[in-house]
Amino acid sequence: MGIHFPSRKTTIRNLTIFTCIVLLSGWIGHGLDVLTGNQSAESPGMLVWIVTPLLATLLLRTFAGDGWRDFGIRPNLKGNAVWYLVAILVFPVLTALVLSIGAGLGMVTFPGFSTASLLMIMQAFALGLLPQFVKNIFEETAWRGYLAPKVYSLGLNDYTGHVIVGLVWGAWHIPYYLFFLDRAILKEFTTLSVAAFIPVAIVVTIAWAMVFGEIRLLTGSFWPAVLMHMVEDAFVNQLFTGNHIAIEPGTDWLVSPVNGLIGISLFAAVGIGLRKLRRMKMAGMSEL
C-alpha cells in the first residue's frame with residue numbers, strides 16, 4: 001500500500017473546521033469566564049483559548065484524514081543548519097536594527113543602560129528559554145505543524161498562503177487582546193488603543209508568517225519555528241516588560257520592534273528574501 005495523501009477536498013474541509021474552532025476558542029473561553037465570574041490573569045477561559053488549537057490539530061490529524069505525514073516532526077538538520085541559525089537570530093538582529101534606527105531618529109532611548117542592565121537582560125533571556133521552548137512546542141504544533149503545511153499543500157501563490165496563515169494566526173489573538181491581556185501590560189508595548197492595535201497586530205503576524213513559513217518550507221520541519229518563537233518570547237518581550245527601552249509616545253507605530261512599520265517592513269523583506277532563496281534552491285535541485 002502506498003502513502004495516503006489527503007484529497008484537496010478533505011484538506012479544505014479540515015482547514016475550515018480548524019479555522020472555525022480556533023477563532024471561536026477565545027470567545028468561548030471569555031464566555032466561560034463571564035459565566036463563572038473568573039477575572040484572573042490565568043483564567044479557565046484563557047486556558048481554553050491556548051489549548052484549543054493544539055487539540056484541534058491532534059483530532060484532525062488523528063481522526064479526520066489529515067494524517068501526520070506533513071507534520072514536520074523530524075528536525076531535518078542535515079543541510080539546514082543555516083536556516084536554524086536564521087531562525088535563532090532573526091528576532092534579535094531585526095530588533096537591534098529597529099532600535100538602532102529608532103535611536104538614530106531620537107525616538108528610542110535606553111533608560112538606565114549599563115553593564116548590569118545588560119547582564120539582567122541576558123539572565124532573563126537565559127532563564128526564559130526553557131519555559132518558552134516548551135510553551136512554543138504546543139503553540140507551533142498548531143501553526144507551523146498543522147495550519148501552514150495544510151495551506152501550502154493547496155498549491156496557492158506563496159504570498160497568498162502566508163497571508164492566510166498570518167490572518168488566522170493573528171485573528172486567533174483578538175480575544176487575547178480584548179479579554180485576557182492585562183491593559184497595563186499592553187500599554188508597555190503600544191500607545192495605540194486596543195481597537196487600533198488589533199489590525200496592526202494582524203499585519204505583524206502576516207509579516208512574521210512569511211518568515212516562519214519560508215523557513216518551514218526550506219527545512220520541512222516545524223522545529224525552527226519553535227526556536228524562533230522561543231527567542232521572540234524570551235528576548236523581545238522582556239525588553240518592554242523590563243523597561244529596558246523607552247519609545248517616544250506616539251512614535252511606536254514607526255519604531256517599535258513589535259508593532260512598528262519599520263519592523264514590519266524588515267520582516268516582510270526577510271520573508272521575500274527567503275522565498276527567493278528557496279525558489280533558487282528548488283530550481284537548482286530540478287536541474288540535477
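Axes here are lines fitted to C-alpha atoms, for helices over the stretch in contact, and angles run from 0 to 180 degrees between N-to-C directions. The model is predicted.

Take helix α2 and helix α4 (residues 115-152) to begin. Their axes come within 8 Å and cross at roughly 50°. Angles under 35 degrees would count as roughly parallel, and 65 to 115 as roughly perpendicular. α2 and α4 are therefore oblique to each other. Their crossing is left-handed. On the α2 side, the contact uses Pro53, Leu54, Thr57, Leu60 and Arg61. α4 contributes Phe138, Thr141, Ala142, Trp143, Gly145, Tyr146, Pro149 and Lys150. Sorted by class, this α2 and α4 contact holds 8 nonpolar, 3 polar and 2 charged residues.

Now turn to another partner of α2. Helix α1 (residues 8-36) and helix α2 (residues 44-63) have axes that come within 7 Å and cross at roughly 160°. An angle over 145 degrees counts as roughly antiparallel. That is why α1 and α2 are described as roughly antiparallel to each other. α1 passes α2 in a right-handed crossing. From α1, the contact draws on Asn14, Ile17, Phe18, Ile21, Val22, Ser25, Gly26, Gly29, Leu32 and Asp33. From α2 come Pro44, Gly45, Met46, Val48, Trp49, Thr52, Pro53, Ala56, Thr57 and Leu60. The α1 and α2 contact divides into 12 nonpolar, 7 polar and 1 charged residue.

Pro53, Thr57 and Leu60 of α2 are listed in the contact with α1, and Pro53, Thr57 and Leu60 are also listed in the contact with α4.

The largest nonpolar core has 58 residues. Those with the most contacts inside this core are Phe18, Phe91, Trp143, Leu147, Met228 and Phe267. Helix α9 gives the most to this core, with 9 residues. Phe267, leaving aside neighbours within four places in sequence, is in contact with Val90, Phe91, Leu94, Ala207, Trp208 and Val211.

Asp233 sits in helix α9 (residues 223-241). Is Asp233 buried or exposed? Its relative accessible area is 11%, so Asp233 is buried, the cut-off being under 20%. Not counting residues up to four places away in sequence, Asp233 touches Gln132, Lys135 and Asn136.

Technical notes:
Residues numbered from 1 in each chain as written. Predicted model: local features only at pLDDT ≥ 70, side-chain atom pairs only at ≥ 80, totals over all residues. Heavy atoms only, no water. Helix = DSSP H or I, 4+ residues; strand = E, 2+ residues; numbered from the N terminus. Buried < 20%, exposed > 50% of the residue type's maximum accessible area, 1.4 Å probe, protein only. Contact = heavy atoms within 4.5 Å. Left-handed = near helix turned anticlockwise from the far one by under 90°. Nonpolar A, V, L, I, M, F, W, Y, C, P; charged D, E, K, R; others polar. Core = buried A, V, L, I, M, F, W, Y, C linked by side-chain atoms within 4.5 Å.
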